[in-house]
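User: Hello! Could you walk me through the side-chain packing and pairing in this model?

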Amino acid sequence: WASRPDDHIVLQLQFVSHLMRSAKSTADLAEAARFLDEHLLLWIAKFAEQLVRTEAPEWYSARAVLTACYLDEIRDHLVDITGRARPVATQTAAKDSSLEATEAPYMPGVAPSW
C-alpha cells in the first residue's frame, strides 16, 4: 500500500547501534557521527519538544526527550573520540521565510511519510 517505508526512529537507532558496534577505527565512528548529524539529530529534539508541547502521553514524550538527550550526549562523546566537530547550523531566517505557508520541513511522526 505504500511505495516506500516509513522513516521509523527504531530503524535509525538500530543503524547507529550497528555503526558503533561494528566500528574498528575512529574513522568508522566518524561515520556514526556523520549519520547522527545528517539524520536523527536534525529532527529528534524538535520532535520531542512537539510531543511535550502538545501534551502527548507522558510515556511517549518522556522517552522522546530521553532519547534526544541520549543521542546528544553520544554525539558529544563522538566529538571527543573522533575529533569530528558538530556541524554549524547553516539554515538562515531568510531561508525559513522562503517556505510557503502550506510547506513545512518534514518532521517524522507528524504526518504520514509516504
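Analyst: Gladly! Buried means under 20% relative accessible area, exposed means over 50%, and partly exposed is in between (1.4 Å probe, protein chains only). This is a predicted model, where local features need pLDDT of at least 70 and side-chain atom pairs count only at pLDDT 80 or more, while totals for chains, interfaces and linings use all residues. Residues are numbered from 1 along each chain as its sequence is written, and side-chain values use heavy atoms, with hydrogens and water left out.

User: Is Phe-35 buried or exposed?

Analyst: The cut-off for buried is under 20%. Phe-35 has a relative accessible area of 9%, so Phe-35 is buried.

User: How many aromatic pairs are there?

Analyst: Rings of Phe, Tyr and Trp (its six-membered ring) pair if their centres lie within 6.5 Å; planes under 30 degrees apart are stacked, over 60 edge-to-face, and the rest tilted. By this rule the count is 3.

User: Which parts does the pair of Phe-15 and Phe-35 tie together?

Analyst: These two rings sit edge-to-face, 4.9 Å centre to centre with 65 degrees between the planes. Helices here are DSSP runs (H or I, at least four residues), numbered from the N terminus. Phe-15 and Phe-35 are 20 residues apart in sequence, so their pair ties together helix 1 (residues 9-21) and helix 2 (residues 26-38).

User: What is the angle between the planes of Trp-43 and Phe-47?

Analyst: Trp-43 and Phe-47 are 4 residues apart in helix 3 (residues 40-53), about one helical turn. Both are buried. Their edge-to-face pair has its centres 5.9 Å apart, and the angle is 75 degrees.

User: Which residues is Ser-61 in contact with, leaving aside neighbours within four places in sequence?

Analyst: Ser-61 belongs to helix 4 (residues 58-82) and is buried at 9% relative accessible area. Contact means heavy atoms within 4.5 Å. With those neighbours left aside, the partners are Leu-51, Val-52 and Ala-56.

User: Where does the salt bridge of Arg-53 and Glu-49 lie?

Analyst: Its N to O distance is 3.1 Å. Arg-53 is exposed at 54%, whereas Glu-49 is partly exposed at 48%. The two residues are 4 apart, about one turn, and both lie in helix 3.

Technical notes:
Salt bridge = Lys/Arg side-chain N within 4 Å of Asp/Glu carboxyl O.
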